[in-house]
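Student: I'd like a close look at a single part of this protein, taken slowly. Could you walk me through one spot and then through whatever surrounds it?

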Amino acid sequence: MSQEELLALPTTTSIEIAARAIGLGRTRAYELARSGDFPCKVIRVGTSYRVVTADLRRLLGVEAPAA
């Protein structure tokens, strides 16, 4: 996933997209989310998981440009 793609993500993103950015497979990402060990903040909304994009960017060292 490119830096431009990361910067274009909304405030939260799916666990699948976050996993792709980090280099994890879908199954492993869900395992980590369920156990509370995903490397970014994960919010559970009903039966789905959402990853906080700011945490994902911070983990990957991608900073949004100053306005």
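Which residues does isoleucine 22 touch, not counting residues up to four places away in sequence?

Tutor: Bear in mind that this is a predicted model. Not counting residues up to four places away in sequence, isoleucine 22 touches Phe38, Pro39, Cys40, Leu56 and Leu59. Isoleucine 22 itself sits in helix H2. With a relative accessible area of 27%, isoleucine 22 counts as partly exposed, since buried means under 20% and exposed means over 50%.

Now zoom out to the helices. H2 (residues 15–22) packs with H4 (residues 53–60) at an angle of about 5°, and their axes are 11 Å apart. Angles under 35 degrees count as roughly parallel, so H2 and H4 are roughly parallel to each other. From H2, the contact is made by Ala18, Ala21 and Ile22; from H4, by Leu56, Leu59 and Leu60. Sorted by class, that contact has six nonpolar residues, no polar ones and no charged ones.

Leu56 leads on to the core. The largest nonpolar core has 16 residues, and Leu56 is listed with Leu6, Ile15, Phe38 and Val51 as those with the most contacts inside it. H2, H3 and S3 each supply at least two residues of this core. In soluble globular proteins, nonpolar side chains tend to be buried together.

Take valine 51 next. Leaving aside neighbours within four places in sequence, valine 51 is in contact with residues including Ile15, Ala18, Phe38, Cys40 and Leu56. Ser14 is in contact with valine 51 as well. Serine 14 lies in strand S1 (residues 12–14) and is buried, with a relative accessible area of 14%. Beyond residues up to four places away in sequence, serine 14 touches Tyr49, Arg50 and Val51.

That leaves H3 (residues 26–35), whose buried residues are Ala29, Tyr30, Leu32 and Ala33. These cover an arc of only 160° around the axis, so they fall on the same side of H3. They pack against H2, strand S2 (42–45) and strand S3 (48–52). Over on the other side of H3, Thr27 and Arg34 are exposed. After H3 comes glycine 36, with a positive phi near 80°.

Notes:
Residues are numbered from 1 along each chain as its sequence is written. This is a predicted model: local features need pLDDT of at least 70, side-chain atom pairs count only at pLDDT 80 or more; totals for chains, interfaces and linings use all residues. Side-chain values use heavy atoms; hydrogens and water are left out. Axes are lines fitted to C-alpha atoms, for helices over the stretch in contact, and angles run from 0 to 180 degrees between N-to-C directions. Helices (H or I, at least four residues) and strands (E, at least two) are DSSP runs, numbered from the N terminus. Angles under 35 degrees count as roughly parallel, over 145 as roughly antiparallel, 65 to 115 as roughly perpendicular and the rest as oblique. Contact means heavy atoms within 4.5 Å. Ala, Val, Leu, Ile, Met, Phe, Trp, Tyr, Cys and Pro count as nonpolar, Asp, Glu, Lys and Arg as charged, and the others, Gly among them, as polar. Buried means under 20% relative accessible area, exposed over 50%, partly exposed in between (1.4 Å probe, protein chains only). The arc is that of the directions from the helix axis to the C-beta atoms. A nonpolar core is a set of buried Ala, Val, Leu, Ile, Met, Phe, Trp, Tyr and Cys residues joined through side-chain atoms within 4.5 Å.
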